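Hi,

Here is the structure I promised to pass on. Have a look at it first, and then read my notes below.

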Amino acid sequence: MLKLYNSLTNRKEKFESLNEGLVKMYTCGPTVYYYQHIGNMRAYIFMDSLRRVLKYNGYKIKGVMNVTDVGHLTSDADSGEDKMEMAAKRENKNPYEIAKFYANIFFEDLKKLNVDVPENITYATKFIPQMIEFVRGLEEKGYTYKIDDGIYFDVQKFSGYGQLSQKDLSKKGNTRIEENINKHHPFDFALWKFVPENHIMKWDSPWGVGCPGWHIECSAMGRDILGDKFDIHTGGIDHKTVHHEDEIAQNDALAGHRVVQRWMHNEFLLVDGGKMSKSLGNVYTLSQLSQKGFTPMDFKFFCLNTHYSKKINFTFEGLKASSLGYKNLKNLVKEHFLGNSVVKDEVIEKYSNEFLQAINDDLNIPLAIGVVWTMLKNESKSKQIYELVCKFDKALGLELDNIEIEKKEEVPQKVVDLAQKRLVARQNKDYALSDRLRDEINDLGYSIKDKKDGFELEKL
């Protein structure tokens with residue numbers, strides 16, 4: 001039985017998809033105004049684990065991941081500059097060039113991490129008509145109002161607001177900074193923002209020239225591809241209190257029922273016990289880890305050894321230990337690949353059941369990795385164990401089946417013949433001839449070591 005935690009109900013629940021055998025799943029993707037750091041990447045490693053475990057259980061997936069290339073302001077309180085426009089000024093490029101450059105790097109990083117990418121990758125700028133139509137639907141149902149800087153969602157008209165974040169509408173002095181005194185309530189959020197004439201990314205709409213709010217893009221793209229009911233929505237814990245709360249409000253207000261059945265969030269990745277900060281110089285990318293001698297898979301293994309719902313503290317000492325552990329794990333896998341022992345069927349069944357129970361208990365990947373370690377260490381070296389690890393790795397995504405076997409280069413026959421003649425010379429105690437033959441072998445690029453009953457040749 002697959003059980004997954006639901007942030008909406010705050011408990012683990014048996015998972016059953018709305019459509020038999022098919023999971024419809026939406027993942028909050030990146031805002032492509034800069035490089036994605038390792039804290040961002042933890043969310044996609046979590047997404048990868050979830051997708052892999054669902055597939056391991058026999059499900060097919062219809063997944064969507066957005067790429068935010070417009071509409072994400074520097075403040076969650078619907079204020080500040082659009083991050084894409086900000087990056088364009090910083091790098092003296094247009095926002096579309098910025099988006100293409102950083103999106104390409106993001107997807108290269110996912111590939112390096114062996115992340116199972118969703119079936120549908122959606123760019124916000126390609127779904128503007130769907131967003132406008134979504135806002136029109138909310139307007140027709142009476143959930144919106146217009147003020148000087150845009151069209152806003154009136155949270156007081158949606159009775160379910162706060163169900164995910166536990167925010168209380170009566171307590172207006174909440175953590176969300178209020179900068180627009182014209183809003184009906186501090187928690188009201190922008191659906192469509194009006195922009196100045198010099199704004200690069202702008203579109204015509206029934207309400208005036210502008211650009212979409214950040215939250216509306218996910219709702220519109222999810223509805224367009226997955227429909228008005230789907231199984232899972234994932235993202236980082238930082239999205240829970242504002243972005244995802246606002247998504248629920250506009251989704252359910254338009255549809256008239258719950259759209260997303262299960263919300264799942266991964267916890268923060270801390271650095272040296274605190275948050276990443278450019279001012280502290282502790283914001284790292286995968287490329288920067290590689291420059292320090294670590295592979296992307298070292299980092300993935302580091303993340304997978306902590307449950308997705310727990311904070312993880314990144315240090316280079318921890319990453320180094322994880323890197324060593326990953327190498328040792330792969331070496332054990334290699335030993336089983338070269339083994340020839342026979343393992344009983346009941347042993348295979350035992351480990352298979354333990355692994356499945358671990359991953360099906362809300363993606364307990366650390367426990368599942370523990371099952372793999374125990375199996376590799378305790379069982380005699382067997383190709384059967386290697387094949388079982390390869391099966392398990394479909395859920396882990398650690399490239400454990402990528403075994404590098406050193407192939408010894410075939411020694412040229414001329415060198416072998418000289419070595420055979422030298423062996424005879426040594427047996428006849430003709431050491432002068434033996435030395436000359438050794439020199440000839442060396443000149444051909446090989447060394448020869450004498451053994452009790454023969455010799456060993458190695459390339460110089």
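Let's start with Y34, which is found in the loop between β3 (22–27) and α1 (38–56). Helices (H or I, at least four residues) and strands (E, at least two) are DSSP runs here, numbered from the N terminus. Before you go further: this is a predicted model, where local features need pLDDT of at least 70, side-chain atom pairs count only at pLDDT 80 or more, and totals for chains, interfaces and linings use all residues. Residues are numbered from 1 along each chain as its sequence is written, and side-chain values use heavy atoms, with hydrogens and water left out.

Back to Y34: it counts as partly exposed because its relative accessibility is 30%. (Buried means under 20% relative accessible area, exposed over 50%, and partly exposed in between, with a 1.4 Å probe and protein chains only.) Together with Y35 and F101, Y34 forms a nonpolar patch on the surface, with about 260 Å² of accessible area for the three together. Patches are made of residues with over 30% relative accessible area and no salt bridge, with nonpolar side chains (Val, Leu, Ile, Met, Phe, Trp, Tyr) joined within 5 Å and like charges within 9 Å. A salt bridge is a side-chain nitrogen of Lys or Arg within 4 Å of a carboxyl oxygen of Asp or Glu. The areas come from the Shrake-Rupley method with a 1.4 Å probe; for residues, only the protein chains shown count as cover.

Now for the sheet. Four strands form an open, antiparallel sheet in the order β8-β9-β10-β11. β8 and β11 (210–212) are the edges, each with a single partner strand, so one side of each has no neighbour in the sheet. Strands pair if DSSP finds at least two bridges between them.

Going across it:

- β8 (residues 144–147) and β9 (residues 150–153) pair over four bridges, with a hairpin of two residues joining them. T144 stands opposite F153.
- β9 and β10 (residues 189–194) also share four bridges. Here Y152 has A190 as its bridge partner, and G150 stands opposite K193.
- β10 and β11 pair over three bridges. On the β11 side, W192 is partnered by P212 and K193 by C211.

Helix α4 (residues 128–140) packs on the sheet and touches β8, β9, β10 and β11; contact means heavy atoms within 4.5 Å. The direction of α4 makes about 120 degrees with that of β10. Axes are lines fitted to C-alpha atoms, for helices over the stretch in contact, and angles run from 0 to 180 degrees between N-to-C directions.

Finally, is β10 mostly covered or uncovered? Mostly covered: five of its six residues are buried.

Cheers
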